[in-house]
Structure formats: C-alpha cells, structure tokens
Amino acid sequence: MKSILHAQRGASLFVRGARTYPPGPDASSIDVRIVDGVIDAVGRDLERASLPVLDAQGLTLIQGLVDVHVHFRDPGLEHKEGWDHGSAGALHGGVTSVVEVQNNPPLSTSLEALQARIEHVRSRSRVDFGCLANLLPDAVPELAAMAPYTPAFKCFLGGSTGLGGETDYAVLEKLFAAAARAGRMIVAHAEDENLLRLGKKQYPNATANEHHLVRSAEAEIESVRMSIGWVERTGAELHVFHVSTRGACELIADARRRGLPVSGSTGPQYIHLSNEDAPRLGNLMKINPSIKTRDDNRGILEALRSGAVDAIGTDHAPHPLDEKRREYAHASSGMPSVDLLWPLTWELVVRGELDPWTALASVSWRAAQSLHLPGKGRLLPGFDGDLALFDPTDRRRVEGRLLPSRSKWSAFEGVELGGFPVHVVRRGTVAFTDGSVTGAAGGRPLELEPPRPRA
C-alpha cells in the first residue's frame, strides 16, 4: 500500500457529518479526510486541516462503486454511447471506476492498439478506468506485452455483439494456456457456441419471449464447466462475467471449494428480471446471456450471499432504441444500466434480498478484489478518495430520457427506486452533484497488480 499512500493521486477534500452505512434512525455521523486524492482518515470529529469542505448533513456515505463490466463502444461506435456519456452515466449510478470491454473494432489485440485505446479514453473519461485486452488467436504473441497495461484478457466463448464465438475447444484451451503464461486472468463470456447454434436451429421463429431458450441455461452451464476444466489443466485464472444461471453459480462455488482460481460476477438485470418479463419488455430484455427464470434469480442471490459470486457489474451495453425495436432476430442485444447501479443494488437491500454489507461489497471491495484492482473499493485510509453520498429516504421513478446514457431508454422504466447519489467524489474531486456532472474529464487508468505468469 506504500505506493498508494505516498503518490499524489488527486485533490484534497473534507467530507463532514455524513451518516454511516448501513443507515438507520440512530446512525452516527462520520467525517472523511482526503489528502491528494487518497483517504487520510475516517472517523468522528476529525480535524479539517484547512481543507475544502463538503457538508454531508443528512446524507449516507459509501465508498465509490466499481463496475467490473461495461461497454462504452468508444472508439468505433461512439454514436451508441461514447466515454463522455458512459462515464457521466457511471457517476449518476455512484460508480467511480469501470472496467471496459471493447467488442467492436478496433480491438485490443496488440500492445500498440491497447495503448492507443488507453490514451483515447484518458482524455474523455470522467471516472477511473481499466481497458480489457481481447483474447483471440491473433493476440497470443502480444499477450505478455499487453499484460502490464490491462486487468485481464476478455474471451468470448460464445458469440455476442461484435464478436463470434469459438467452436474449437482445443483452440480455447490453448488461449487459456497462453493467458496463464502471460500472467493475467481471463474474463469470459461463458456460453457454449455449439449449443448457441443448436438453439437457433431449434427455435427458428423465436421472439423475445423465447430468447432464454435460444440462448439456453445449458449453454452457459456447459461453458462454465469446460472453462473450469481448462483452468485445472492450464493454470489459468478465470472470472466468469454476467452469470445468469443457478447451475453456473454452483459450478463456480464448487471450483472455489476445491481451491481453483475461479470467480464470477452477475448483473442487476439477472436478479431483478426474469423470462416472465419478456412479454412486457420485448426486445428491451434481449441481452446475452439471456435472462433466465425466477429460480435462477434466487440462485444468483444465494451465490452473492455466500460469496461464490463476488460482484454485481452492469454489462452496460447501450444501443439506440430504434435498433431494439427491430424484429427480434435483427434487434441488437444489450441494455444500459450503469446509470442505475447503486439504486438497483440498494433496492435489493430495501426488499430484504441482500443484507446491506453484502450489497455494498458486491459493487465495491469484492468487485475490485475479483479483478485484482488495488486501492479501490474500500472506505479506509490508503485507498483512493472515491465516495458516493445518497439520501436513503428519497425515492423516484426511473425515466430513461433523463439518464445520462445516450440511449435514453431503460428496461426499468417507471420502476420506483431509491439510493440515487446526490454527490459523487472521485479521488477528492466532487465529480457529480444533484444530477449533474461537475467539471471536465479527469479519469485515469486503474492501478494494476504486476502480472503473475503461471506455468
């Protein structure tokens, strides 16, 4: 932690009189002193030391959230989102750090391409960021060179927006082995491509109501099962993105019990929505992996409570509304939700589905820990001064047209939620206040642990 403590990482700020988390009628107040972007002290009645003051009376304070999975489609498809809109949406959701997947050209399959992307993002992002490299056969010679600059290598085991899936299991095992040699974990879109193709054949006239059958639970479960086998044989480390099934949760839990380096994250859509919502939402609910059953909702919540699944990341994947309104077979897959990460997570607390500590951990320190991101996700001295302050009594209905995402729609339209951040602080700078971004872009690349090559 020494490098974090002594490197100047941002601005200084004194946050005074916030309510502690979890909130309650007798919640005590707390102060946070941030010096040069790093939390210096947390406690009651701290010395201000002549720092600028943010008066937080009546607001509840949490650490800034870490969204481990977003698609801002920039560079290349800025008309769908872009870092300006996407990172503003992140702040709206209480998020101060994101990990972004580029699934449209230019892909990050070389050191030159990855570094160019990082510099492109640095001048545009309002939040701190990590850029995932793409794990494809063409990238293998560059993996070791890219490893110091990326948190992980993203592998599409099944095809999705912008990238096709791989049907040759021998090729996939070789990719796992190459990632292990380069010393970075694999983050996987885990759906078996062969089963996905079979699903399309079985449901040639599918609508949004059958999307969970076209992209079946078995496709995810079998892909996770095979991936865990490749972890055992190659020494790779695996993180399964957007877990959508009870069965995948159980496989991840079993792998962890056996001591394998396997972790996972889900998305709020896989908890709040089920296939029973498809007749109402239509293609707005078309995402990959598909949203499954209510029993899968319950299985995911159980896995979050037990720690088998570490994190809730949004898989924020916006498309213009006209692309979602096309016929099912041609409608784009994906939905925006980074704008609502804390309200959707807080709602799980309000409903009693997650306890306050687990809910916050899943979008903060457990999320950061799952991708080995030091200095993020905790309200402790030495960690970055990233904070979100919200009024737990304030509730409002979601209106997509008012959200920062360029798409201007939400699958949660009209749903009443609480927890909307009033202020968001990024490394000591107040970056968001009362629904508006304050100041210019100021995000920076996330600090990364050194690569750890595995035989």
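The structure is a predicted model, in which local features require pLDDT of at least 70 and side-chain atom pairs count only at pLDDT 80 or more, whereas totals for chains, interfaces and linings use all residues. Residues are numbered from 1 along each chain as its sequence is written, and side-chain values use heavy atoms, with hydrogens and water left out.

The C-alpha trace spans about 65 × 50 × 40 Å along its principal axes. Of the 455 residues, 62% count as buried, where buried means under 20% relative accessible area, exposed over 50%, and partly exposed in between (1.4 Å probe, protein chains only).

Asp128 lies in strand E8 (residues 128–131). Asp128 counts as buried because its relative accessibility is 1%. Its side chain reaches the backbone nitrogen of Arg444 at 3.0 Å. Beyond residues up to four places away in sequence, Asp128 touches several others, including Thr96, Lys376, Asp384 and Arg426; a contact means heavy atoms within 4.5 Å. Within E8, Asp128 and Gly130 point one way, Phe129 and Cys131 point the other way, and all are buried. Strand E7 (residues 95–100) runs parallel to E8 and is joined to it by four bridges; two strands pair if DSSP finds at least two bridges between them. Cys131 of E8 is the bridge partner of Glu100.

Most residues other than glycine have a negative phi, and most peptide bonds are trans. A cis peptide bond, with omega about 0 degrees, joins Tyr21 and Pro22, and Pro22 lies in the loop between strands E1 (13–19) and E2 (29–35). Another cis bond joins Pro105 and Pro106; Pro106 is in the loop between E7 and helix H3 (111–122). Ser50 has a positive phi near 65 degrees and counts as exposed because its relative accessibility is 70%. Asp315 also has a positive phi, of about 50 degrees, but is buried because its relative accessible area is 8%.

Methods. Helix = DSSP H or I, 4+ residues; strand = E, 2+ residues; numbered from the N terminus. Polar contact = N/O pair within 3.5 Å; in protein donor to acceptor, adjacent residues only side chain to side chain.
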